[in-house]
Amino acid sequence: MLFSKFFAPTSKDVPADAKIVSHRLMLRSGMISQTASGIYCWLPLAVRVLEKISKIICEEQDEIGGNRVYFTTIQPADLWIESGRYDVYGKEMLRLKDRKEGEFLYSPTNEEQATDVFRKYVKSYRGLPTLLYQIHWKFRDEIRPRFGVMRGREFLMKDGYSFDIDFDSAKKTYEKVFKSYLKIFRRMGLTPIPVQADSGAIGGNMSHEFQILAETGESALYYDKKLLSASDDELMTTFAVADEKYDPKTSTVAEKDLAVSRGIEVGHVFYFGTKYSKSMNAFVLNEKGEKIFPEMGSYGIGVSRLVAAIIEASHDDRGIIWPESVAPFDATILNLHLKNEKCREAASEIYAAISSKKEVLYDDRDVTVGEKLADADLIGVPWQIIIGQKKIENGVVELKNRKTGEILEISPSEVIGRFLN
Ligand code: ATP
Ligand code: MG
């Protein structure tokens, strides 16, 4: 990709209301453009990151038997009247009318619709377990949208819905998804901390949030330091506690082991039994021909929130430091002297060679050296290949690691070799 043709409107200034670093960096690097309160356009750099995150999620969900679908963003109110949630959901739901005065809504979540699709097609215990998931836009008319895409009104979510024949099977599915989530967040360079969550009015006791540690997180977490190195199985039973539920008197964690940090909720897994299958009459027949209402769970990941959360967890005072797995590009080539023939030749040669295997942003813009270097650090691609007049006279270019700042002086062919192998 040539930067001169790439739509990444970087800037030095940010609006005063951008209070947290991820919001500022996303605006400055030209990733998002606000269109209304809590509603953002996603520009090419951000789209690339959303797609990387989505790909990791899909790989790991497919691995445990998930089936990807697209439910709809617009749903008929009838489904929610059937489940009994239409009136209780409240003002977060955006309600719409079509030209025939029919009542619709913009999906804040899709339990009803998943249950509806299930009941139409699965009639026998042989069709269980079933796990359907999607990555799709949601709308929640949040009372206080803030921190950029961290708490938006329109946001991208991965949401999954499971159907099992009985509690034991549902528990197994829940555990599978739980472990899959740990893997997903780790692949993005994050350290997920499970937090026991409130199952709310629905009841049942299996509900965890996944938080990642960041100073700007909305919730304070109390946890045993051992949690940071616990195995996946241990994490199912040892988890952090949110401040509103933490009680020093009943806590079993010794004071010396206790850590308190702020966290950002990036995922939520939730078992809720037969609430929707019963209210929506979604049943299957078991071996004896008896009606069974499947045990259900739902599983969310804040895909668009993750973009901001990853930046909160990985940045410095110059800009974003993308983990390689979700970076918008693998490498960026900075041609510092466009008019110098040797620079141009080296840049074109490296670009042509490594583009076959890697995603490369070639900064061929006619801007100052300072701007190129600053934008590269701001955008935060993991590797910078810096081509300058003096170095190239000596047959070398600089290969800079954005995270460590380490610079290697090596020949263009060595650079190519490193990216191709
Ligand atoms: P919160 O307590 O942050 O409002 P929630 O409990 O309403 O979250 P869920 O319904 O479980 O969230 O949604 C699944 C995931 O979607 C959350 O874990 C979070 O990462 C993300 N999410 C929820 N609301 C928003 C929002 N307004 N903007 C961006 N992401 C969101
Ligand atoms: Mg919410």
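**Figure 1. Polar contacts and salt bridges between domain 1 and domain 2 of the predicted model.** Four residue pairs, both members at pLDDT 80 or more, are in polar contact between domain 1 and domain 2. A polar contact is a pair of N or O atoms within 3.5 Å; within protein, one must be able to donate a hydrogen and the other to accept it, and residues adjacent in sequence count only if both atoms are side-chain atoms. Three salt bridges are counted between domain 1 and domain 2, a salt bridge being a side-chain nitrogen of Lys or Arg within 4 Å of a carboxyl oxygen of Asp or Glu. Glu359 and Lys52 form a salt bridge, with 3.2 Å between the closest N and O atoms.

**Figure 2. Residues in contact.** Eight residues of domain 1 contact six residues of domain 2 (heavy atoms within 4.5 Å).

**Notes.** This is a predicted model, in which local features need pLDDT of at least 70, side-chain atom pairs count only at pLDDT 80 or more, and totals for chains, interfaces and linings use all residues. Residues are numbered from 1 along each chain as its sequence is written, chains are lettered from A and ligands numbered from 1 in the order in which they are written, and side-chain values use heavy atoms, with hydrogens and water left out.
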